Amino acid sequence: MKKSWIISLITSFVLLGGVLLSPATSADAAKVATSTYSDLDQSYAEFKEYTNQLFALETYEAKAFTALESIDTQVTSTNRKSMYLKLTNTVIPNYTKLVSKAKQIKPTNPQIKKIHATFVKASYTQLEGYLLYQKAVSKNKVNYTLLKQGNAKVNTASVLMDQCEQQLYAYARSLGYDS
């Protein structure tokens, strides 16, 4: 269950950072028209600005995931209170900030805008899963139906985040970054 909880956004950001540090060179670059250079420069700048905004969200995510990693993978009536407190005091507030700040990012580039919409949807779905987890362990008796629904949300968020990551990598490659 723990693996399904933790979407590795941090890993995505770290891997993406590696991508961004090594732009590909092209032997045909000298043949490209000046207007294409300015378009490409603008695309690079927009992409860099966007990824910098995503990196700024890492703090919230790291706090949430650190707390999640400390939660026992098997939910029982014995550990449900501890789980509830970690979800309530750390995971949900930090992930709520992440989603809120992600929604404030307004890319102008149409391709980045599409990627970002997927990112926001994935992050929000992840938060919904955490809220269901919280509700599942809020009473003395664990509500396993809600826990299962939370797992479904988190799994859906994982799929969406994978899509977002693939779209981001494809866009980076289209700009000439090596993977």
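This is a predicted model: local features need pLDDT of at least 70, side-chain atom pairs count only at pLDDT 80 or more; totals for chains, interfaces and linings use all residues.

Biologist: Fine. How does α6 do, then: what should its 27 residues span at 1.5 Å a residue?

Modeller: The 27 residues of α6 should span 39 Å, and the end C-alpha atoms of α6 are 39 Å apart, which agrees.

Biologist: And what about α7, how many residues does that helix have?

Modeller: Helix α7 covers residues 144-174, so to speak its 31 residues, and reaches 45 Å from its first C-alpha to its last, close to the 45 Å expected.

Biologist: What caps the N-terminal end of α7?

Modeller: That's N143, with a side-chain oxygen 3.1 Å from the backbone nitrogen of T145. Just after α7, G176 takes a positive phi of about 105°.

Biologist: Let me zoom out. How many helices and strands are there in the protein?

Modeller: Seven helices and zero strands. From the N terminus on, the order reads α-α-α-α-α-α-α.

Biologist: And how much of the protein counts as buried?

Modeller: 41% of the 179 residues. The accessible surface comes to about 9800 Å², and 55% of that belongs to carbon and sulfur atoms.

Biologist: What share of the contacts with a separation of 6 or more comes from residues 24 or more positions apart?

Modeller: Those account for 83% of them.

Biologist: OK, α5. Where does that helix bend?

Modeller: At L87, by about 45°. Helix α5 runs over residues 80-104, and its 25 residues should span 36 Å; the end C-alpha atoms are 34 Å apart, which agrees.

Biologist: Which residues of α5 are buried?

Modeller: L87, the bend residue, is one of the buried ones.

Biologist: Why would positions three or four places apart point the same way?

Modeller: An α-helix has 3.6 residues a turn, so residues with that spacing point the same way.

Biologist: Which residues do ring pairs link into a cluster?

Modeller: Y44, F47, Y171 and Y177.

Biologist: Next, the loop between α5 and α6. What is I105 in contact with, leaving aside its neighbours within four places in sequence?

Modeller: I105 is found in that loop, and its contacts are Y50, Q53, L54, L57 and H116. Q53 is 52 residues from I105 in sequence, yet the two are 7.2 Å apart in space, C-alpha to C-alpha.

Biologist: Why do you call I105 buried?

Modeller: Because its relative accessible area is 7%, and buried means under 20%.

Biologist: Which side chain does the side chain of N109 make a polar contact with?

Modeller: That of E46, at 2.9 Å. Leaving aside neighbours within four places in sequence, N109 is in contact with S43, E46 and Y171. Y171 also belongs to the ring cluster.

Biologist: Last stop, α6 itself. Is Q126 buried or exposed?

Modeller: Q126 is found in helix α6 and is buried, with a relative accessible area of 0%. A polar contact of 2.4 Å joins the side chains of Q126 and Y130.

Biologist: And how does L131 sit, buried, exposed or partly exposed?

Modeller: L131, in helix α6, is partly exposed, with a relative accessible area of 37%. L131 and L147 are 16 residues apart in sequence and 9.8 Å apart in space, C-alpha to C-alpha.

Conventions
Residues are numbered from 1 along each chain as its sequence is written. Side-chain values use heavy atoms; hydrogens and water are left out. Helices (H or I, at least four residues) and strands (E, at least two) are DSSP runs, numbered from the N terminus. Buried means under 20% relative accessible area, exposed over 50%, partly exposed in between (1.4 Å probe, protein chains only). Contact means heavy atoms within 4.5 Å. Accessible areas come from the Shrake-Rupley method with a 1.4 Å probe; for residues, only the protein chains shown count as cover. The expected span of a helix is 1.5 Å times one less than its number of residues. The bend at a residue is the angle between axes fitted to the seven residues ending there and the seven starting there. Rings of Phe, Tyr and Trp (its six-membered ring) pair if their centres lie within 6.5 Å; planes under 30 degrees apart count as stacked, over 60 as edge-to-face and the rest as tilted. A polar contact is a pair of N or O atoms within 3.5 Å; within protein, one must be able to donate a hydrogen and the other to accept it, and residues adjacent in sequence count only if both atoms are side-chain atoms.
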